[in-house]
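Trainee: I have a model open and would like to learn how to read its features. Please take me through them one at a time.

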Amino acid sequence: MSKILIVEDEESIADLEKDYLELSGFQVEVENTGDVGLKRALNEEFDLLILDLMLPNVDGFEICKKVRETKNTPIIMVSAKKDDIDKIRGLGLGADDYMTKPFSPSELVARVKAHMSRYERLIGSNSQENEMIEIRGIKIDKTARRVYVNDEEKTFTTKEFDLLTFLAQNPNHVFTKEELFNKIWDMESIGDIATVTVHIKKIREKIEYNTAKPQYIETIWGVGYRFKV
Ligand code: CA
């Protein structure tokens, strides 16, 4: 479960943020003073930090600067004053996002999710654990079974994912529909080679800029398909 640290001295705001984030499935810790928040942010592993700007003892500004010296944890800074946001943005402290209070909790949740998935992708693409295939703007995370087209995640069904991955793993190899059906669908599956056509169409709708002129999965008339690189 992803863990978030909120450093916020206004308890009602901290509680509201915590409630919404927990409802969205995050584990949330709250600190009300800057010095304790900084210590925890440096010494513990969090997946994201939400820092208020004006805090007792050490301000959010300083926390952000110190954390950035050693960590890439995504940071969202919040402040009641828009002027302050403009100021800190200008300083380039390395925060990933800024929000002016009051904001809707659902907007906070949306931004937290966006930053977290971007960070996970960043880590995922460098780690040994997630096996990735990257071809011209398409990223297939085989471990997490996720597909990104120009950094935007697309939802794939199991078979669509298997079919796309199989083709992308064997670039420029032409497969007949029969071969693909036998490879991706097991013997007990109900269906025939038309199933392959239907799935190719659905995959194209997700990855191709223009499905009439596919740039990735090419139809070889009378034979089958290939993933072009
Ligand atoms: Ca404050």
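Mentor: Start with burial: buried means under 20% relative accessible area, exposed over 50%, and partly exposed in between (1.4 Å probe, protein chains only). This is a predicted model, in which local features need pLDDT of at least 70, side-chain atom pairs count only at pLDDT 80 or more, and totals for chains, interfaces and linings use all residues. Residues are numbered from 1 along each chain as its sequence is written, and side-chain values use heavy atoms, with hydrogens and water left out.

Trainee: Which residues are buried in H8?

Mentor: Helices (H or I, at least four residues) and strands (E, at least two) are DSSP runs, numbered from the N terminus. In H8 the buried residues are Thr195, Val196, His199, Ile200, Ile203, Arg204 and Ile207. Their cover includes S7, S8, H6, H7, strand S11 (217-220) and S12.

Trainee: What span should H8 have?

Mentor: The expected span of a helix is 1.5 Å times one less than its number of residues. H8 has 15 residues and should therefore span 21 Å; its end C-alpha atoms are 21 Å apart, which agrees.

Trainee: Which residues touch the most other members of the largest nonpolar core?

Mentor: A nonpolar core is a set of buried Ala, Val, Leu, Ile, Met, Phe, Trp, Tyr and Cys residues joined through side-chain atoms within 4.5 Å. In soluble globular proteins, nonpolar side chains tend to be buried together. Here the largest core has 26 residues, and Leu163, Leu164, Leu167, Leu180, Ile207, Ile217 and Phe227 touch the most other members. Elements giving it two or more residues include helix H6 (158-169), helix H7 (177-184) and helix H8 (193-207). H6 supplies the largest share, six residues. A second, separate core of 20 residues includes Leu5, Val67, Ile75 and Leu93.

Trainee: What does leucine 167 touch?

Mentor: Contact means heavy atoms within 4.5 Å. Leaving out residues up to four places away in sequence, leucine 167 touches Phe175, Leu180, Ile200, Ile217, Tyr225 and Phe227.

Trainee: Is histidine 115 buried or exposed?

Mentor: Histidine 115 counts as buried because its relative accessibility is 9%. This residue lies in helix H5 (residues 105-126). Beyond four places away in sequence, histidine 115 touches Leu48, Pro74, Ile76, Asp96 and Asp97.

Trainee: Where is serine 117?

Mentor: Serine 117 is also in helix H5, and it counts as partly exposed because its relative accessibility is 23%. Its C-alpha atom is separated by 9.7 Å from that of glutamate 153, 36 residues apart along the chain.
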